[in-house]
Amino acid sequence: MTARVGVVTFPGSLDDGDAARAVRIAGAEPVRLWHGDPDLHGVDAVVLPGGFSYGDYLRCGAIARFAPVMGTIVDAARGGLPLLGICNGFQILCEAHLLPGALTRNQHLHFRNRDQVLRIEAVGTAWTNAFQPGQEVLIPVKNGEGCYVADPATLDRLEAEGRVVARYVGGNPNGSQRDIAAITNEAGNVVGIMPHPEHAVEALTGPSLDGLGFFTSVLKHLVGAPA
């Protein structure tokens, strides 16, 4: 049976279509989920896409955290549902306390949009098992508030527990502490990433095909997950 991966649309989402396309290219069935509907419609995994949910008022992701769909998603993620937050989705995951730390204004106060090299450091997650440890990938980054911050104890814990999923290589585009580009929760089913893997799944439009591994990884994870 084909895996069904939900992609949430919030008011202000702009990469939900791209995320759904990446899911389809990876071999799964994308299922569009609406922010105001708490029903996940039986999906096997969920992607929170990039954009500017609710206009990024208050703080990025601060309002989206309280969307009806997020109540269901938070409970499901705590029960093991694979959940990927990309850019604004990463911000929402932090606001919902599914991941530690926060994403703040880029240190240089400028929006950054460029192709970025990342080093994959954690391959035991639901979203990165298709990669090799230390593998470098080229994925677009585009954010104005992508600076990952956390207190020193949290950063040390992420390092010690192998929960830093990816780091920026060849220059840090936003000032994120310890060059962190992506992190995971303790169980490895929830991943937040600031760059956009859904923009690197086709030769025609992406700088590489390196982003596809995030989406094929979850399919591999679902095949091996207990029924």
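Two strands count as paired if DSSP finds at least two bridges between them. The model discussed here is predicted.

Q: What makes strand 1 and strand 2 a pair?
A: A pair needs at least two bridges. Strand 1 (residues 4-9) and strand 2 (residues 29-34) are joined by 6 bridges and run parallel, so they pair. Thr9 has Trp34 in strand 2 as its bridge partner, and Val8 stands opposite Leu33.

Q: Which way does the chain cross from strand 1 to strand 2?
A: The chain passes through helix 1 on the way, and this β-α-β crossover is right-handed.

Q: Why do strand 2 and strand 7 stand at the edges?
A: The open sheet has 9 strands in the order 2-1-3-4-11-10-9-6-7, with mixed pairing. Strand 2 and strand 7 (136-143) each have a single partner strand, so one side of each lacks a neighbour in the sheet. On average, neighbouring strands of this sheet are turned by 25 degrees against each other, direction ignored.

Q: Why is helix 1 called oblique to helix 5?
A: Helix 1 (residues 16-26) and helix 5 (residues 212-224) pack at an angle of about 60 degrees, with axes 9 Å apart. Roughly parallel would need an angle under 35 degrees, and roughly perpendicular begins at 65. The angle therefore makes helix 1 oblique to helix 5. Their crossing is right-handed.

Q: What makes the contact of helix 1 with helix 5?
A: Helix 1 brings Ala22, Val23, Ile25 and Ala26, while helix 5 brings Leu212, Phe215, Thr216 and Leu219. These residues divide into 7 nonpolar, 1 polar and no charged.

Terms used:
Residues are numbered from 1 along each chain as its sequence is written. This is a predicted model: local features need pLDDT of at least 70, side-chain atom pairs count only at pLDDT 80 or more; totals for chains, interfaces and linings use all residues. Side-chain values use heavy atoms; hydrogens and water are left out. Axes are lines fitted to C-alpha atoms, for helices over the stretch in contact, and angles run from 0 to 180 degrees between N-to-C directions. Helices (H or I, at least four residues) and strands (E, at least two) are DSSP runs, numbered from the N terminus. Angles under 35 degrees count as roughly parallel, over 145 as roughly antiparallel, 65 to 115 as roughly perpendicular and the rest as oblique. A crossing is left-handed if the near helix is turned anticlockwise from the far one by less than a right angle, and right-handed if clockwise. Contact means heavy atoms within 4.5 Å. Ala, Val, Leu, Ile, Met, Phe, Trp, Tyr, Cys and Pro count as nonpolar, Asp, Glu, Lys and Arg as charged, and the others, Gly among them, as polar. A crossover is right-handed if, with the strands pointing away from the viewer, the path from the first strand over the helix to the second runs clockwise.
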